[in-house]
Amino acid sequence: MKYLKLNYLLIGLVTLLLAMALWPAISWHSGTQDTLSQIKSRGVLRVSTISSSLTWQKNSKNPTGMDYELAKRFADYLGVKLDISVRPNIESLFDDLNHHRTDILAAGLAWDAERQRDYRSGPAYYMTTQQLVYRVDKPRPKNLDDLHGTLSVPSESSFISTLQAFKANKYPQLSWHVENKLSPQAMLEQVADGKLDYTIGDSATIGMMQRIHPQLAVAFDVTNEAPVNWYMAKTADDSLNAALLDFYNQLNEEGTLARLDEKYLGHTGSFDYVDTRTFLRAIDSTLPSLQPLFRKYASQIDWRLLAAIAYQESHWDPQATSPTGVRGMMMLTRNTADSLDVANRLDAAESIRGGSQYLQKLMDKVPPTIPQDERIWFALAAYNMGFAHMMDARKLTMMQGANPDSWADVKQRLPLLSQKRYYRQTTYGFARGTEAYNYVENIRKYNISLVGYLQEAEKKRQQIIPIPDSDMPSPSEPQIAMN
């Protein structure tokens, strides 16, 4: 017995000495590890964000958003899992960072000199402008000294330092209200609903929001363009920032960042109030009777995108006819209809079925080198102008030293197909490339409007229907998406 006790004592002593020797290298001891090593030891990258169409949003079952996609790719790059915490406002984001509950803030936050004193910013991934917005039926202010109401801005936003600079240097009478609870997108919604007089937002988010809330109007640009960055805690080591720099360099070299920029920001330019308003009214009045058909015949694309295509083609009019002979909801030619066994092009069900099948055939013909999430745009260009002319646009893109597999590069060459100096270099000659360009861009805008409008309608419906107490999350409980 004494022998056993002595052995246990020796084993315990050796274990203690070994633990003391290895203590600095133990993965769960973070005192001597740099930030990146702590993340890898933990096996999880913690990212805090806010819900918006550009950052993180639940679309059907899967999250979408530029910040979400970048964060997922960065977690994969590090070889760890991604843990997303969705916070209600900017103040909550920085509270996470201050209390070490997160590693990165990925929420479309603009670079701000005030933040640089306390936090570290990562690489820029797009540019944005601060804009003052108001409701379209109100008088349009000319500048910050021409406001007839209350200007409200989110707490901890970069808009506050902008206003402070204007107050100190140009508009001494300028005043504003700081909103502590709402996110920037929620404040834009309140201006659109007439609950707030004015707010400031970033141009990228405003451009997306106007597709759902056309009554949201831009009065003027408050600042010039500024970079949008992720934010990290300001620590002594630079390991996480160095990894981010390498990650972004890799994204640039692969063309991934350009594709994400095109996916989320490439179609937010021009805004037509009347057209958007007309489309949203059609969603309420016309779409309900057609929705079952779009759901039935959409194959490998979302039914809402198929509906957006049909609206661009015919404004959801099954009797639509053009001078060139195309007819019906999906504006099929007679030859195309015959090849798809569409007997009556003016029958909504037949037309939608035929148009969906034809689009799928075009997607199957698109070269396999084109990224999966961009194949639809090439197929839509072919749907409008013909597959051969779409391939000519790719050929012209390659001849000009750009990427023929990038929609951002190819769409810029589409209008050149109507100019002799360019189309004579192609195989199939002249094409109405500008029409094809506008066709695809309009469909993308309608799709944004339709998806966002239906999501908001569903949220409002759920607010009306009582939810059992057991299913209701706590107001302070973070919304988590594990991927």
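Visitor: How are helix α16 and helix α20 packed?

Guide: In this predicted model, α16 (residues 375-385) packs with α20 (residues 433-464) at an angle of about 130°, and their axes lie 9 Å apart.

Visitor: What is the handedness of the crossing of α16 and α20?

Guide: The crossing is right-handed.

Visitor: Which residues of α16 and α20 meet?

Guide: From α16, the residues are Trp377, Leu380, Ala381, Tyr383, Asn384 and Met385. They meet Gly433, Glu435, Ala436, Tyr439, Val440, Ile443 and Arg444 of α20. Contact here means heavy atoms within 4.5 Å.

Visitor: What makes up this contact, by class?

Guide: The contact of α16 with α20 has nine nonpolar, two polar and two charged residues. Glu and Arg count as charged, so Glu435 and Arg444 belong to the charged class.

Visitor: What makes β10 and β12 the edge strands?

Guide: Five strands form an open sheet with mixed pairing, in the order β10-β9-β11-β8-β12. Strands β10 (177-179) and β12 (216-221) each pair on one side only. The twist averages 40° from one strand to the next.

Visitor: How do you know that β9 and β11 pair?

Guide: Pairing requires at least two bridges. Strand β9 (residues 151-154) and strand β11 (residues 198-202) have two bridges, in the parallel sense, so they count as paired. Leu151 has Tyr198 in β11 as its bridge partner.

Notes: Residues are numbered from 1 along each chain as its sequence is written. This is a predicted model: local features need pLDDT of at least 70, side-chain atom pairs count only at pLDDT 80 or more; totals for chains, interfaces and linings use all residues. Side-chain values use heavy atoms; hydrogens and water are left out. Helices (H or I, at least four residues) and strands (E, at least two) are DSSP runs, numbered from the N terminus. Axes are lines fitted to C-alpha atoms, for helices over the stretch in contact, and angles run from 0 to 180 degrees between N-to-C directions. A crossing is left-handed if the near helix is turned anticlockwise from the far one by less than a right angle, and right-handed if clockwise.
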